[in-house]
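Me: I would be grateful for a close look at a single part of this model, with the rest of the chain described as its setting. Please give the reply as one connected account.

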Amino acid sequence: MAEKKPKFGTPPKIPGWVNYALVPLMNLLAALLISGVVIIIVGDNPIEALQVLVYGAFGYPEAIGYTLYYTTNFIFTGLAVAIAFHCGLFNIGAEGQAAIGGVGVALVCLYFDWMPTWLVIPLAMLAAAIFGAAWAYIPGYLQAKRGSHIVITTIMFNFIAASVMTYLLVEVLIDPNGQSPESRSFIESTWLPFFHSVIDMPRTPLNLSFIYALVLSGGFYFLIWHTRWGYEIRVVGQNETAAGYAGISPAKNIILAMMISGALAGFVGVNEIQGVQHRLILDFTGGYGFVGIAVALMGRNHPIGIFLAALLFGALYQGGSELAFEMKNINKEMVIVIQGLIILFSGALEHMFRPKIEAAYRRIAFPKPAEAR
Amino acid sequence: METFQIIVLLLDATLRVATPLVLAALAGMFSERAGVVDIGLEGKMLGAAFAAATVAAVSGSAWVGLCAGILTSLMLSSLHAYACVTHKGNQVVSGMAINIVVAGLAPTLGYAWFRMGGQTPALNGDSRFRGIVLPFAEAMRDVPIIGYIYAELISGHNIIVYMAAAAVPITAWILYRTRFGLRVRAVGENPHAVDTAGIQVDLMRYKALAVTGFLCGIAGTYLSTAHGAGFIRDMTAGKGYLALAALIFGKWKPVPTMFACLLFAFTDAVQARLQGVALPIVGEIPVQFIQALPYILTVLLLAGFVGKAHPPKAIGEPYIKER
């Protein structure tokens, strides 16, 4: 493979690893640096905090289990946000879609618990997908057919979902024998199998849905880059007008992408409700939907990137709770600060370092010959 | 007389709830009219609320707290401008990042500084904005109807409520009657034309976002030093998003936006009273439905079922000069 000589005047090509590895890494470092400053302000040692964080996330088998359990949620929401991004849509509503997906899971686990386990599990997953997709369908439809801006409608739908959840848990699904707003516990035959019940490891919330998330990541790759649906979604995302001329319906694909997005977000309910809590509770979505945006941004909407970013945020969640225990001046909100800074640097300020890094790379990789000056 | 009193008290509560909404929605108006989406209203308010409560607690003066609140909010909105105007970053992501950072930072600092689980010490005396009794309020109280309205509804609020009331006509005047306002609107509608006329688009957007920061700072300060007495975690509780909804519901215009804020605040005030009360015809309305009503209304408006909202044309797009 002979290297093609670049045409005169065109800037030399920047290799992929600069864009896909170096730039995100620099953004991450900047976010960690600022977080370190915050830790100094608070009065602790940032180096020590980082050590605690990494040990708390990966240092012992139980920690790894928890980290992967959080990672599962972030894979779901990351993929959800990513498929919307591929269609040029910004789905801020993963939080609400996850909550409604959880309702679907809970309904199956509450009312179909006479079925055998091998039937309940796929049924619950299907319900999560249908409920999540239905909740995302409305903003998708409104964007496609009535031109309402998806960012605003999905924000509104998050609040509406929160109200629906409160209503359901206070008035309808509440455990008649309980006081707090939550449903009765599911019977054990509807639970997803835990990892610790199958292989030899300490008790952690890690369950079957982690494997499911990995399978879905593979499916996501196949769907987006190797099927007609994925192709059409990407074309609409790149240029709606061009898509229209090519005979691809933007409206249909916008709705389709949003529904797949909602379905993916809904699977958070499978992990949380069927896998861990074993009952429907309020606020089980815990901000996973919002962090999904960061995961998709950092992972460049590619399943491998999303997995790595989800792992990073999973580690942050798990290591962060350790941080609150170990360090005297840090409480668990510190993790939210780090998260926010990562979103800031890898999302909003993504164009800050890139030109400089690219220029530096050019200077190092393609030094100007002396006579050219 | 009984119903009359209840209505006046409801409206009184409405004003108190509406104040931060009006200020934040007007803040959002400057930003969005200049073409910059701002879902970071929530974060700016929360940041200002924390800074104001902290400084007021330490200094003992609510006014110094107000300055700190405004300063903090200004810093956050400059960060937003730096990300979205200077570096052409995604405006929604930037706003969100600000919301998340502040939601974490305020309790983190609060915990480290005050050791009260992320809260700030309770404020009292001069470290809070207290109600102002307007002249003749007590003397007028006995005058039927008007006197009671004057004494209960109009008099007795803190200074920020009156600031918010004044902010509406001032904003309308700035946006529609001054050169600055014309340029802000132009930058949001057609930045290329503005650039051709020799006005710096980026600078205009920075200025508009500075006004946004200023107003959000007052709104946040109101929450922690006037309405409440100290900072509590997540005390904005979605008010920034509600203000955004009001801004859209008011079709990005000052007076309709104010009415949207009042409507949303009124549903909030009514909701507390309607709990468990069976209404004629419809029966008992779930509280959650009333809570969700502002959002449902906004979605319906956006969908074009209730009027039609026309956002500023260049909203959400970073301005890139053609070369």
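Reply: The model examined here is a predicted one. In chain B, helix H1 (residues 2–33) and helix H7 (residues 159–177) pack at an angle of about 25 degrees, and H1(B) and H7(B) are therefore roughly parallel to each other. Their axes lie 9 Å apart, and the crossing of H1(B) past H7(B) is left-handed.

On the H1(B) side, the contact is formed by Leu15(B), Arg16(B), Thr19(B), Val22(B), Leu23(B), Leu26(B), Met29(B) and Arg33(B). H7(B) contributes Ile160(B), Val161(B), Ala164(B), Ala167(B), Val168(B), Thr171(B) and Leu175(B). Sorted by class, this contact of H1(B) with H7(B) comprises 11 nonpolar, two polar and two charged residues.

Among contacts in chain B with a separation of 6 or more, 75% join residues 24 or more positions apart.

Ala57(B) is part of helix H2 (residues 41–59), and it counts as buried because it has 22 C-beta neighbours inside 10 Å, where 20 or more are required. Ala57(B) and Ser127(B) are separated by 70 residues in sequence, yet their C-alpha atoms are 6.4 Å apart. Leaving aside residues up to four places away in sequence, Ala57(B) touches Thr120(B), Pro121(B), Leu123(B) and Ser127(B).

Beyond its own fold, chain B also meets chain A: 38 residues of chain B are in contact with 39 residues of chain A. On the chain B side, helix H3 (62–86), helix H4 (91–114), helix H11 (239–249) and helix H13 (287–302) each supply at least two residues. H4(B) gives the most to this side, with 15 residues. By class, the residues of chain B that touch chain A divide into 25 nonpolar, 12 polar and one charged.

Terms used:
Residues numbered from 1 in each chain as written. Chains lettered and ligands numbered in written order. Predicted model: local features only at pLDDT ≥ 70, side-chain atom pairs only at ≥ 80, totals over all residues. Contact = placed C-beta atoms within 7 Å. Axes fitted to C-alpha atoms, helices over the stretch in contact; angles between N-to-C directions. Helix = DSSP H or I, 4+ residues; strand = E, 2+ residues; numbered from the N terminus. Parallel < 35°, antiparallel > 145°, perpendicular 65-115°, else oblique. Left-handed = near helix turned anticlockwise from the far one by under 90°. Nonpolar A, V, L, I, M, F, W, Y, C, P; charged D, E, K, R; others polar. Buried ≥ 20, exposed ≤ 12 C-beta atoms within 10 Å, placed from the backbone.
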